[in-house]
Amino acid sequence: MSTPFEPIDLAGLRLRNRLVMPAMGRARAFGPGNTATESMATYYAQRATAGLIITEGSQPSVVGQGFPHTPGLHSAEQIAAWRRVTDAVHAEGGTVFAQISHVGRVGDPGLLPEGLVQVAPSAVAAPGRLFTVDGMKDFTTPRELTSQEVRETIADFAQAARNAVEAGFDGVELHAAYGYLIHQFLAPSSNLRTDEWGGSTEGRIRFAVEVVAAVSAVIGARRTGIRISPGIRYNGIEEPDLEATYVQLIRRLNGTGPAYLHLVEDSRELTGILRKEFSGTLILNPATDGFTSEEELALIEDGTADMLSFGALFLANPDLPARLRAGGPYNTPDGTTYYGGTDKGYIDYPKLNG
């Protein structure tokens, strides 16, 4: 039986424990050109006793940005700024991956340079409204990517992964969840294409598979993870063929061999199915009625998952692994949110697991 506080080998990386700090958007990249700041270095270094830190999502290109003050991984200035963060985490003995996140249709076009608009698999706007510096606004209709632009976007992810390694990150996590670009390709509600990038389950999973393959080719599969949220209906995502889509996706990913699958849980039954299918390490962000807490540690002990990610509790308790081992006490997350949502731990996004 595995325990949450024992080390684990993550595709050759020895992690000090099985507790993960997941990507949580903070919107604090106040440096020039959306660069990381010294306060971000302090923030992540304070939490370096996690087995694995996954940083807030960083856009792989200018057009991949959707919200104010989110960091990037596509310029020399951003690489240099992130190096201060990774150095600070490593100085405390931590392991840190960068999450690479392209928002696709979800974002404020007012943040983009003149002439650019949000892009997506299809010209379908997300329902609802989003937070902008000028208040809440309706989502806009994105421009559909051409097949050549899809290829170029895959290359952007690969280059961002190279940049992350140059910046000192131990690896990257590809954000294929919460209705962002990779998830938009997976879902039939946002992907209406009939070419090789849509039209069937195989077509809809192709973008995700090829992004993982491209990133693995440049930095190694052992440095590559992917986060998915099957069944999470955020940002207008509808997935009627849920099990078939994700079983097929994971079977294809097994051929590439990413280091881990980070699953935001909607259904414990589906978790069990995907656990059996995936050949690597499973990080679980479990479905709960509140914040992920010490009660969920049993999911490692009973083999449901290899590692657990804790959202809001890591924000309020930088030394969370020690507190979990001791059974508390815990600082209570204050519910601070950005982008107009309240949630169970992922501070920027409503109705997601903590």
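Predicted model: local features only at pLDDT ≥ 70, side-chain atom pairs only at ≥ 80, totals over all residues.
The expected span of a helix is 1.5 Å times one less than its number of residues.

**First selection: helix α6**

Please select residues 242–256, which form helix α6. The helix has 15 residues, and the distance from its first C-alpha to its last is 22 Å, close to the expected 21 Å. Next, display the side chains of Thr245, Tyr246, Val247, Leu249, Ile250 and Leu253, which are buried. Which elements do the buried residues of α6 pack against? Among the helices, they meet α4 (181–186), α5 (201–219) and α7 (268–277); among the strands, they meet β11 (224–228) and β12 (260–264). Then move to Gly257, which follows α6 and has a positive phi, near 75°.

Select residues 147–166 to show helix α3. Its 20 residues reach 29 Å from the first C-alpha to the last, close to the 28 Å expected. The buried residues here are Val150, Thr153, Ile154, Phe157, Ala158, Ala160, Ala161, Asn163 and Ala164. After α3 comes Gly168, whose phi is positive, near 100°.

Now display helix α1 (residues 38–45) with helix α2 (residues 76–91). How are the two helices arranged? Their axes lie 8 Å apart, and the packing angle is about 25°. Angles under 35 degrees count as roughly parallel, and α1 and α2 are therefore roughly parallel to each other. The crossing of α1 past α2 is right-handed. On the α1 side, select Glu38, Met40, Ala41, Tyr44 and Ala45, and on the α2 side Trp82, Arg84, Val85, Ala88 and Val89; these residues make the contact. Colouring them by class shows 8 nonpolar and 2 charged residues, with no polar ones.

Finally, centre the view on Thr281, in strand β13 (residues 281–285). Is Thr281 buried or exposed? A residue under 20% relative accessible area counts as buried; Thr281 has a value of 11% and is therefore buried. With neighbours within four places in sequence left aside, Thr281 is in contact with Ile8, Asp9 and Leu10, with Ala259, Tyr260 and Leu261, and with Asp306 and Met307.

How values were computed: Residues numbered from 1 in each chain as written. Heavy atoms only, no water. Helix = DSSP H or I, 4+ residues; strand = E, 2+ residues; numbered from the N terminus. Buried < 20%, exposed > 50% of the residue type's maximum accessible area, 1.4 Å probe, protein only. Contact = heavy atoms within 4.5 Å. Axes fitted to C-alpha atoms, helices over the stretch in contact; angles between N-to-C directions. Parallel < 35°, antiparallel > 145°, perpendicular 65-115°, else oblique. Left-handed = near helix turned anticlockwise from the far one by under 90°. Nonpolar A, V, L, I, M, F, W, Y, C, P; charged D, E, K, R; others polar.
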